[in-house]
Amino acid sequence: SGGTRLLRVATHGRSAYQAPLGAAQAVQVTVPNGGEAWPVGGSRSIQWSSTSLSGNVRVELSRDGGGAYETLFVSIPNDGSELWTVTGAPTANAVVRVVSVDNPGVRDSSDLAFSILQPTLAVMSPNGGDTLVTGSPTTIQWASTNLTGNVRIELSRNGGTSWPVLFVSTPNDGSEAWTPTGPSTTQALVRVTSIDIPALLDLSDSVFTILQPALGVLTPNGGEEWAVGSTQTLQWSSQFVPGNVRIELSRDGGVTNQDVLIAHTVND
């Protein structure tokens, strides 16, 4: 009778629509299409394919498995992809739908639900009040949930005013070996930031200390006269020096250490 006929095709639990039959128009969501886990704040590419479809498309999101939809992009070019910064609320029943703006009957949704997750990130150590010694290996530790990709680790020596980078990009595995360097400070903070989600970061709850170890000879320290065969006490001071010490004697004013007096002794 001259009316327009529509074809509804059921595919894998969803419905794809083509209209009208003569134009063979179609659109199909390819990403996310079920099972993905996308973190809030992350940038993800929504992707689709289309056939004989001109004009723009609208991209929508359902957080309840397709019951209700919110609009992500009102009208964008039908070029097959659109970058989306994932927003909350978290859900395990998210579905994306792509709809033709000119012909709303041409549409498609994700075959299955995907998840939108809230990521977390927290510095565990050093987290405030710690005393680290330059040259002495330690481990920076952090915890995260629902977070993929690498992280950046930075160190502030001035309470957070500036943040020189320690590790530009390292796996988000919760720990990184680090040997502190000088200068000394009592205002140190560590910051860990997600590379994928730069707004997701955490830093030490309060400042910690980085100290330079020091040794100082006290006796003999110049001017003493010690007779061969006499018994003398060697004395020194130390600060933040772990382990034992070696004691040497030079007989040429320090040009060479000719004698090792004590190869290994307690740093007392």
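Modeller: Happy to; we can go through some aromatic contacts, a pair of strands and a pocket.

Colleague: Great. Where does the model come from?

Modeller: It is a predicted model.

Colleague: Okay, aromatics to begin with. How many aromatic pairs does the structure hold?

Modeller: There are two aromatic pairs. One of them joins W38 and W84 in a tilted arrangement, with 6.3 Å centre to centre and 55 degrees between the planes. Those residues come from distant parts of the chain, W38 from strand β4 and W84 from strand β8, 46 residues apart.

Colleague: Are W38 and W84 buried or exposed?

Modeller: Both W38 and W84 are buried.

Colleague: And which aromatic pair does W38 form with F114, stacked or tilted?

Modeller: The W38 and F114 pair is tilted, at 5.3 Å centre to centre and 55 degrees between the planes. W38 is in strand β4 and F114 is in strand β11, so this pair ties together parts that lie 76 residues apart in sequence.

Colleague: Why do you call F114 buried?

Modeller: Because its relative accessible area is 1%, and buried means under 20%. W38 counts as buried too, because its value is 6%. Put together, W38, W84 and F114 make one aromatic cluster.

Colleague: Nice. What sits over the ring of Y69?

Modeller: That would be the charged end of R97, 3.7 Å from the centre of the Y69 ring.

Colleague: Switching to strands: in what sense do β14 and β17 pair?

Modeller: Antiparallel, over four bridges; β14 covers residues 138–145. As for individual partners, T139 is bridged to A177 in β17.

Colleague: Which residues are on the covered face of β17?

Modeller: E176 and W178 are on the covered face of β17, while S175 and A177 make up the uncovered face.

Colleague: Which element gives the most to the lining?

Modeller: β23 does, with five residues.

Colleague: And what does the lining look like by class?

Modeller: Twelve lining residues are nonpolar, nine are polar and five are charged.

How values were computed: Residues numbered from 1 in each chain as written. Predicted model: local features only at pLDDT ≥ 70, side-chain atom pairs only at ≥ 80, totals over all residues. Heavy atoms only, no water. Helix = DSSP H or I, 4+ residues; strand = E, 2+ residues; numbered from the N terminus. Nonpolar A, V, L, I, M, F, W, Y, C, P; charged D, E, K, R; others polar. Buried < 20%, exposed > 50% of the residue type's maximum accessible area, 1.4 Å probe, protein only. Pairing = 2+ DSSP bridges. Phe/Tyr/Trp six-rings, centres within 6.5 Å; stacked < 30°, edge-to-face > 60°. Lys NZ or Arg CZ within 6 Å of the ring centre and 35° of its normal.
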